[in-house]
Amino acid sequence: MTAGLQQPPLPAFIKLFTGIAATGLIAYAANMYERQHILSQLGIRASRTLLANGVTDGAAAWRSDAGWTHRIARLSGTADPATRARISKQLAAKKGIAGVEWVDR
């Protein structure tokens with residue numbers, strides 16, 4: 001070993017690992033507790049915007065293809081390209097929505 005450099009004692013690693021694990025567990029629990037409420041509010045915003053633009057068969061999903069929950073609205077419904085562009089712009093401007101993409105059912 002090089003003079004002056006010592007490995008930290010093992011308990012420091014245990015404390016670090018315990019802190020990281022506890023932080024991850026708290027973050028996961030908070031996500032599970034709040035996710036449904038947040039997605040519900042985002043869904044209400046998307047539904048209102050779709051209906052206001054005449055898309056009565058529209059739907060919004062908040063999961064990626066891999067199954068991850070995210071704030072990108074994945075929209076479907078019968079709408080022409082101009083209506084889709086208008087809805088995308090309106091939704092992207094709403095608080096909490098990170099982006100919009102249209103998908104076919």
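Analyst: Two strands pair if DSSP finds at least two bridges between them. Helices (H or I, at least four residues) and strands (E, at least two) are DSSP runs, numbered from the N terminus. By these rules Ala-61 stands opposite Arg-74 in S2. The model is predicted: local features need pLDDT of at least 70, side-chain atom pairs count only at pLDDT 80 or more, and totals for chains, interfaces and linings use all residues. Residues are numbered from 1 along each chain as its sequence is written, and side-chain values use heavy atoms, with hydrogens and water left out.

User: What is the mean pLDDT of the protein chain?

Analyst: pLDDT is the predictor's confidence in each residue, from 0 to 100. Confidence is lowest in S1, at a mean of 88, and highest in H2, at 95. Across the protein chain, 92% of residues reach 70 or more, and the mean pLDDT is 87.

User: Which residue in the turn between S1 and S2 has a positive phi?

Analyst: S1 covers residues 59-63 and S2 covers residues 69-76; they run antiparallel, joined by four bridges. Arg-63 has Thr-69 in S2 as its bridge partner. The two strands form a hairpin with five residues between them, and the turn residue with a positive phi, about 95°, is Gly-67.

User: How do S2 and S3 run, parallel or antiparallel?

Analyst: Two of the residue pairs are Ala-73 opposite Val-100 and Leu-75 with its bridge partner Trp-102. S3 spans residues 99-102, and four bridges join S2 to S3, which run parallel.

User: What is the handedness of the β-α-β crossover from S2 to S3?

Analyst: The chain leaves S2, passes through helix H2 (residues 81-92) and reaches S3. A crossover is right-handed if, with the strands pointing away from the viewer, the path from the first strand over the helix to the second runs clockwise. This crossover is right-handed.

User: Which side chain meets Glu-101 in a salt bridge?

Analyst: A salt bridge is a side-chain nitrogen of Lys or Arg within 4 Å of a carboxyl oxygen of Asp or Glu. The structure holds one. The pair links distant parts of the chain, S3 and S2, 27 residues apart. At 2.6 Å, N to O, the partner of Glu-101 is Arg-74.

User: Is Arg-74 buried or exposed?

Analyst: Buried means under 20% relative accessible area, exposed over 50%, partly exposed in between (1.4 Å probe, protein chains only). Glu-101 has 31% relative accessibility, so Glu-101 counts as partly exposed. Arg-74 has a relative accessible area of 15%, so Arg-74 is buried.

User: How is Ile-20 classed, buried or exposed?

Analyst: Ile-20 is found in helix H1, residues 10-52. Ile-38 is also found in H1, and at 42% relative accessibility Ile-38 counts as partly exposed. Ile-20 has 54% relative accessibility, so Ile-20 counts as exposed.

User: What distance separates the C-alpha atoms of Ile-38 and Arg-71?

Analyst: Ile-38 is in helix H1, and Arg-71 lies 33 residues away along the chain. Their C-alpha atoms are separated by 9.4 Å.
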